[in-house]
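Here is a short tour for anyone who likes to check contacts by eye. Please have a look at the structure below before reading on.

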Amino acid sequence: MTNPLFDVLFGNHAGKDTPFLYLPDGETLTHDRFLRLAAQYANAFTAAGLEPGARVAAQVEKSHFALAAYAACVQAGLVFLPLNTGYTVEELSYFIEDSGASMVICKGDRREALQPIASKHGAALETLDEDGSGSLSEKAAEAPETFETVDRKADDLAALLYTSGTTGRSKGAMLSQGNLLSNAETLAEHWRFTSDDVLLHALPIFHTHGLFVATNITLVAGGAMIFLPKFDLDKVIDLLPEATAMMGVPTFYTRLLDDQRFDKDLVAHMRLFVSGSAPLLAETHTQFEKRTGHRILERYGMTETNMNTSNPYDGDRRAGTVGFPLPGVELKITDPETGEELPQGEVGQIEVRGPNVFQGYWQMPEKTAAELRENGFFITGDLGVIDDRGYVQIVGRNKDLIISGGYNIYPKEIELVLDEQPGVLESAVIGVPHADFGETVVGVIVPEAGAEPDLDAIGAATSKALARFKHPKKLIVREELPRNSMGKVQKNLLRDEFKDLFVNA
Ligand code: MLC
Ligand code: AMP
């Protein structure tokens with residue numbers, strides 16, 4: 001019996017004294033040491049009564065302890081549910097309830113706020129701080145450094161990742177062991193990762209990009225990571241000479257290009273730069289090549305599917321495209337109205353099918369049925385076209401979504417908060433171009449007749465309800481919203497009107 005994901009990502013490295021993580025304090029953690037730590041957490045989970053299939057929700061800062069908690073969940077057959085560290089208590093409350101999590105792991109300073117919520121939903125609460133302190137580690141410290149890996153099948157769930165939706169209610173994307181493993185193996189091979197690689201890891205580990213792409217690929221290959229708590233420009237520039245590969249959202253690359261220390265010599269030894277999670281401007285791609293001689297490899301993915309397409313490792317990495325479907329992934333462009341496949345060269349919605357495609361949304365059969373066809377194709381909500389050489393280009397979105405610095409923000413969620421505020425009749429939230437984040441959030445508010453909404457109070461209410469990265473960078477008051485003859489708000493007109501607000505920011 002086996003646990004396919006654990007065996008390939010972690011089990012293969014048991015007993016190896018090879019470096020796995022280069023930590024911010026200068027320490028090196030070997031694969032073996034990491035696995036022994038993970039086993040202790042797995043023992044702590046089991047001792048707390050968690051049964052295979054139970055959800056473990058974790059809102060913790062990035063650290064090797066947090067990563068070991070992920071490995072422990074895989075080893076113990078638990079479903080890992082990582083949460084953005086920016087989420088407010090109100091947001092967390094929804095995730096805990098909806099997922100039916102059996103355990104919540106949070107930072108020590110959140111214990112008080114989360115205890116009543118965890119208790120209400122029958123979840124155990126443990127703490128874990130970035131220095132490893134907290135109740136979880138205290139329990140783990142007493143546990144053995146070995147753990148009998150729990151058997152799992154490829155279609156058993158390994159992770160539940162929440163993604164916001166157009167209705168404002170977040171949906172839990174169910175990812176199986178097979179989903180994660182197939183994608184990690186495909187990408188490791190496609191991007192030629194080996195045990196000699198050292199990945200500079202500056203992404204958060206609560207999303208697909210940092211956890212399943214960067215980390216899982218390194219683990220499949222048996223390589224190492226320089227594990228930074230977050231993207232810090234100075235540290236990245238200091239450490240690039242130690243790395244062979246880096247993965248990032250476009251903001252990483254534009255920030256690097258804005259710094260004159262980032263030049264050809266600094267990255268002469270690098271093997272690979274990968275970009276994704278948001279569109280990389282063709283201009284950034286060109287500028288990057290001019291400055292460094294490297295062509296960024298752009299790929300395209302989603303929480304629900306992991307990675308779908310990639311520019312080639314060898315061959316032409318074409319700016320403004322996301323390359324070809326990965327081996328094993330089928331991709332087609334369809335008519336959004338009829339679902340019929342469109343001829344090459346026509347713009348339509350992107351649909352994908354393959355072992356990477358998720359199992360559906362947690363306890364939301366209608367939403368699953370609306371987006372995941374019976375024949376296995378997933379309707380991504382992205383609009384694309386395939387060029388005459390087979391490269392996929394993403395040209396827009398068929399979903400009302402803003403991507404800011406690689407974080408997805410659904411306007412509806414913010415509109416619901418704004419609409420509730422005293423004096424606000426209605427609102428429209430749009431994304432406008434932003435020099436650093438690619439896009440950012442602007443809220444347009446229509447007051448009730450005779451009312452003068454208090455923008456400071458609205459800001460405070462938004463802070464309580466929503467993570468900081470979702471906050472409108474600007475609120476604009478308008479007498480009315482532009483609407484078409486059907487009464488639908490014409491957000492395109494608002495986007496056009498406010499498109500220059502932040503481009504020189
Ligand atoms: C931070 N802030 C953001 C923000 N990140 N606001 C909008 N969008 C963001 N992405 C807030 C901070 O709270 C702060 O608020 C202010 O903006 C400025 O912060 P900063 O210091 O400039 O930001 P920084 O901490 O440097 O973070 C920026 C970033 C980070 C780009 C490095 O957001 C990041 O690591 N993004 C990666 C996201 C990611 O991993 N996405 C992958 C999703 S998976 P204030 O107001 O207090 O000053 C996926 C699938 C796929 O999409 O295909 O990969
Ligand atoms: P998420 O739901 O956070 O996983 O974000 C997935 C979305 O990010 C996709 O549906 C796309 O809209 C977007 N995305 C990811 N990679 C790219 C890319 N290389 N270019 C453009 N958009 C991208």
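The text below covers a ligand site and a helix pair.

This is a predicted model, with local features needing pLDDT of at least 70, side-chain atom pairs counting only at pLDDT 80 or more, and totals for chains, interfaces and linings using all residues. Residues are numbered from 1 along each chain as its sequence is written, chains are lettered from A and ligands numbered from 1 in the order in which they are written, and side-chain values use heavy atoms, with hydrogens and water left out.

**Ligand 2**

Around ligand 2 sit 16 residues (a residue counts if one of its heavy atoms lies within 4 Å), and the closest are R299, T303, D382, K399 and N408.

| Protein atom | Ligand 2 atom | Distance |
|---|---|---|
| R299, backbone N or O | nitrogen | 2.7 Å |
| T303, backbone N or O | oxygen | 2.6 Å |
| K399, polar side-chain atom | oxygen | 2.8 Å |

Taken alone, ligand 2 exposes 500 Å², of which the protein buries 92% (Shrake-Rupley method, 1.4 Å probe). β13 (297-302) and β19 (392-397) are the elements giving two or more residues to this shell (strands are DSSP E runs of at least two residues). The largest share, 5 residues, comes from β13.

**Helices α7 and α8**

The axes of α7 (residues 177-190) and α8 (residues 208-221) come within 9 Å and cross at roughly 70° (helices are DSSP H or I runs of at least four residues; axes are lines fitted to C-alpha atoms over the stretch in contact, with angles from 0 to 180 degrees). The two helices are therefore roughly perpendicular to each other (65 to 115 degrees). In their contact (heavy atoms within 4.5 Å), L180, A184, E185, L187 and A188 of α7 meet F212, V213, N216, I217 and V220 of α8.

Notes. A polar contact is a pair of N or O atoms within 3.5 Å; within protein, one must be able to donate a hydrogen and the other to accept it, and residues adjacent in sequence count only if both atoms are side-chain atoms. Angles under 35 degrees count as roughly parallel, over 145 as roughly antiparallel, 65 to 115 as roughly perpendicular and the rest as oblique.
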